[in-house]
Amino acid sequence: MNSSVVISGVGLWTPEHSISNEELVTSYNAWAELFNLENETAIKAEEMEAKPLSSAAFIEKASGIKSRYIYSKKGALDIHRMRPILDVREDDQVSHQAEMAIAAAQKALSAANKTAADIDMVIVSCAYTQRSYPAIAIEVQAALGIEGFGFDMLVACSAATFGLQRAVDAVKAGTSKGVLVINPELTSPQVNYMDRDSHFIFGDVATAVVVESSETCQSTHAFDVLSTKCVTSYSNNIRSNFGYLTRTTDEDPYSADKLFHQNGRKVFKEVCPMAADHIESHLLSEGINVSALKRWWLHQANINMNLLISRRLLGRDATLEEAPVVLDEYANTASAGSIIAFAKYHDDLSAGDLGVICSFGAGYSIGSLILRKR
């Protein structure tokens, strides 16, 4: 029996609201100027540092980001609030994150020509979940009418590829006939909109992928999963300390260290070579030369990281056809970035073309899948 594991469908759900760099900077600078005015005496006495101003040009140069989508725009640009406003939902209502996940999952099922009856495992893999339990995946499973089981997986920006590896293993082992891997990245609640160096980084989105056996595949655009590889190496350089223990430590549960924060310079210096080495060694383990790849669906965190990785691997800058960029429009969407790139840039490939999905982030964590168009 010559069957393989395939990715048969991908779904991308994009929020209706977006924030441009110009909008974000106008809000941040107004807040910073008000902060500096209100704390003028302490700043002059060097008891407190003044908040620096920003510019749209600075953001684009530092990251390649021009805009980002946001689940709820209300409140995010209010200088007296500086965080989104979400409506409170009762326990019997669909949660915000499940709502995003369901929308992306329905698109993926449609692309794969599948129904709920064809799926028996749901993995919600992302950087944050809005609650500890019950799992968002189980809520999504119930809403879609899927029989089987579901669970949440948190591996920061590598969550999508780690979830896909688990899905591939399950189908390969015969313990699942079809898996939905969903990445509802509701990142905006964890963004520190009062931090010049990070307030522009993240955007909200949801992606979903159907993984199944080639024997049951009925989609127009499907990819054999030739190999998967995931690695982790502990680092504190990307961190969020938000958690339930703050109730017992009496700390401010929303202080700066409880939100996303990073040592950007160290991350850039350490992760880029790790990611390049990871991809190269993964390809070589399958007897594939880097030059044989038609498409690179890379994590979308920072354009300069992607450029450096492609230069290390190819000895030159990758073209936009080889390594599509979506972060200019979507910003860093945590684990969903590489899947957005895959969703938007996969149907032009021909049978036999090779590509790699790779994500990397906090942990450190790196995950990759080598794909071949069917």
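Modeller: A note before we start: the model is predicted, so local features need pLDDT of at least 70, side-chain atom pairs count only at pLDDT 80 or more, and totals for chains, interfaces and linings use all residues. Residues are numbered from 1 along each chain as its sequence is written, and side-chain values use heavy atoms, with hydrogens and water left out.

Colleague: Happy to hear it! What makes strand 1 and strand 8 a pair?

Modeller: Two strands pair if DSSP finds at least two bridges between them. Strands themselves are DSSP runs of E with at least two residues, and helices are runs of H or I with at least four, both numbered from the N terminus. Strand 1 (residues 5-13) and strand 8 (residues 223-232) have two bridges, in the antiparallel sense, so they meet the rule for a pair. Ile 7 stands opposite Phe 223 of strand 8.

Colleague: Why are strand 5 and strand 11 said to stand at the edges?

Modeller: The open sheet has nine strands in the order 5-4-6-7-1-8-13-12-11, with mixed pairing. Strand 5 (149-154) and strand 11 (293-298) each have a single partner strand, so one side of each lacks a neighbour in the sheet. Neighbouring strands here are turned by 25° against each other on average, direction ignored.

Colleague: How do you know that helix 5 lies across strands, and at what angle to strand 5?

Modeller: Contact means heavy atoms within 4.5 Å. Axes are lines fitted to C-alpha atoms, for helices over the stretch in contact, and angles run from 0 to 180 degrees between N-to-C directions. Helix 5 (residues 136-144) lies across strand 4 (121-126), strand 5 and strand 6 (178-185), and runs at about 145° to strand 5.

Colleague: What makes Pro 134 and Tyr 364 worth a look?

Modeller: Most peptide bonds are trans. The bond from Tyr 133 to Pro 134 is cis, with omega near -5°; Pro 134 sits in the loop between strand 4 and helix 5. The bond from Gly 363 to Tyr 364 is also cis, with omega near -10°, and Tyr 364 is in the loop between strand 12 (354-361) and strand 13 (365-373).

Colleague: And what about the phi of Glu 46?

Modeller: Most residues other than glycine have a negative phi. Glu 46 has phi near 60°, a positive value, and is found in the loop between helix 2 (40-44) and helix 3 (56-63).
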